[in-house]
Amino acid sequence: MTERAFQVDLRGVVDLLSRHLYTSPRVYVRELLQNAVDACGARAPLDPDTAPSVSVEPWESTGDGTLRVHDNGIGLTETEVHELLATIGRSSKRDELGFARQEFLGQFGIGLLSCFLVADEIRVRTRSAHGGPTVAWTGFADGRYRVERAEEQRSEPGTTVTLVPRPGMRDWLAGDTVTRLATWYGGLLPIPVTVAGQVVSAGELPWRTRHSTPERRGAALSSYAERLFGFEPFDVIHLHVPEAGLSGLAFVLPTSANPAQRAGHRVYLRRMLVADGVEKLLPDWAFFVRCVVDTSELRPTASREEVYDDDLLARTREALGSQIRDWLVRLASTDPRRLRRFLTVHHLGVKALALHDTEMLRIVERWWPMETNEGPVTLAEFRRTHPVIRYTTTADGFRELAAVAHAQGIGVVNGGYAYDIDIMRRLSALDRALEVRPLEPSELTTRFAAPDAEEERRLGPLLSAATRVLEPLGCDPLPRAFDPSSLPALYLVSRQAIQAEEMRAARESADDLWSAVLSSVGSADTSPEPRRPQLVLNLNSPVLRRMIDLPSADLVGLAVQALYGQALLHGHHPLRSQDSALLNQSFLGLLDWAMPPGGKP
């Protein structure tokens, strides 16, 4: 048996990096800056009086078509060059040399390989701060490299990296592109970074910059948000999570955001940009803010273009969510008018948080007006006059029943909006004295006035015709007087009626054994709720009063069909095939009666 070493196809590795690890060739700028910044950081303890600097010369500045990056960092000896630049994937020597310590971003090696995305040849000229000559390392995209003593010796420690562009990649090394990318990735680096003599690094975190007055500070942060995200924030929240070495800002959006679309946040790792679209930094409910943060402890992924989703990120996400929540609590206690403005725009996020946070639940109860049949009213106000909170489960049900319930003195909340029913139920779970339940049709019909004996006698022909028309549809007519009188008929279906219909459909589709079982289950129901839908005929309606005196039973039947169809449409109930056929039949029948072929109706 013969043991052999693996062979590495560097062109294949570069192809792997470009197609699967990195999203774009632009990352080569970040990797070069990271290595240069790390080198400067490593030299600082040795020469604290040396001011660190990094400079980039695009091909327009060098004059020979190459790009060069200079730093006055710690540099490398020849041994370190072999270990750090010529060995892919080895980490032990990096640990010994100090380049794998926590405060360093780059790991040389794999990061430098990203330069092969835009270059066919990489030249490194470096002199170590520990002494020794300037060493020249040259790597080629086909996997070859050479190390030799440089012909031209550097006057001080540091490193110069030169990239010879690949065919068709020269634009990536151009001044405009490199300036934009260096500003993008290194704009917050603490040391001076220049491109063609232009400084692109800020040197200070915007949220730590001192200002003469709070007003000036607020204006500066708002201006920073506009440059970064393109909007003037509603407010600015300062963020701080010591465990993650994190500080930064959360900008509250001035307009509503889509809760289904997760917000992307700008994350820096030790002042170097990781990504501007990190989605998992905040809880899902906090979709109304955009963040920019710097962290020293969160781990980047292999490509350093995303944050690793581990326990530390989970704890950081929880801590940031608590800080945003605390801002809302302070706003409620110090500036209620501003809180109302915020809720008008971002109520969905606050209501989502209220489902598992008692403080937010109280804020929603006190400050957010829900839609009721008495107008927009907060739940706290609604509870003062209605010890029982009744709600409809859909917006269509609210539109159908709101006016009728109001006329009977029953308050109803529209539960058709996101989270509203869950919020009302959670309130009742915290306060046992509060009863919350859906509005049932029986609560309305018991308040409607039944006809007296004489009126019921006069209604006989109408009710007979209505029964004949509605029986095939599984619906019962119910004559009652109620307001508003402009509504001639109301279609009511209880939960028991819905369950009975579902049970009937299940029995029809089941075999004999299960059909018998389901029949016994259904027969055990002793609920007072009607087991079939009801068409409530409004005796206060002028239209219905005129129907009582119609001369023809067939015409009464057509009128009942029309009322049934109108009630279904008014309540936005789903139409079955037989309902649609009935609507069509009543419409054509009434037209035939109104326009007979050769005479008056």
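This is a predicted model: local features need pLDDT of at least 70, side-chain atom pairs count only at pLDDT 80 or more; totals for chains, interfaces and linings use all residues.

Residues are numbered from 1 along each chain as its sequence is written, and side-chain values use heavy atoms, with hydrogens and water left out.

**Entry 1.** I looked up an open sheet of 8 strands and found the order 5-4-3-6-2-1-7-8 with mixed pairing; strands are DSSP runs of E with at least two residues, helices are runs of H or I with at least four, and both are numbered from the N terminus. Two strands pair if DSSP finds at least two bridges between them. Strand 5 (145-149) and strand 8 (198-199) are at the edges with a single partner strand each, so one side of each has no neighbour in the sheet. Strand 1 (residues 54-57) and strand 2 (residues 67-71) run antiparallel and are joined by 4 bridges, and Glu 57 has Arg 68 in strand 2 as its bridge partner.

**Entry 2.** I then turned to an open sheet of 3 strands, again with mixed pairing, in the order 19-21-20. Strand 19 (476-480) and strand 20 (489-492) each have a single partner strand, so one side of each is left without a neighbour in the sheet. Strand 20 pairs with strand 21 (residues 534-538) in the antiparallel sense over 4 bridges, and Leu 490 has Val 536 in strand 21 as its bridge partner.
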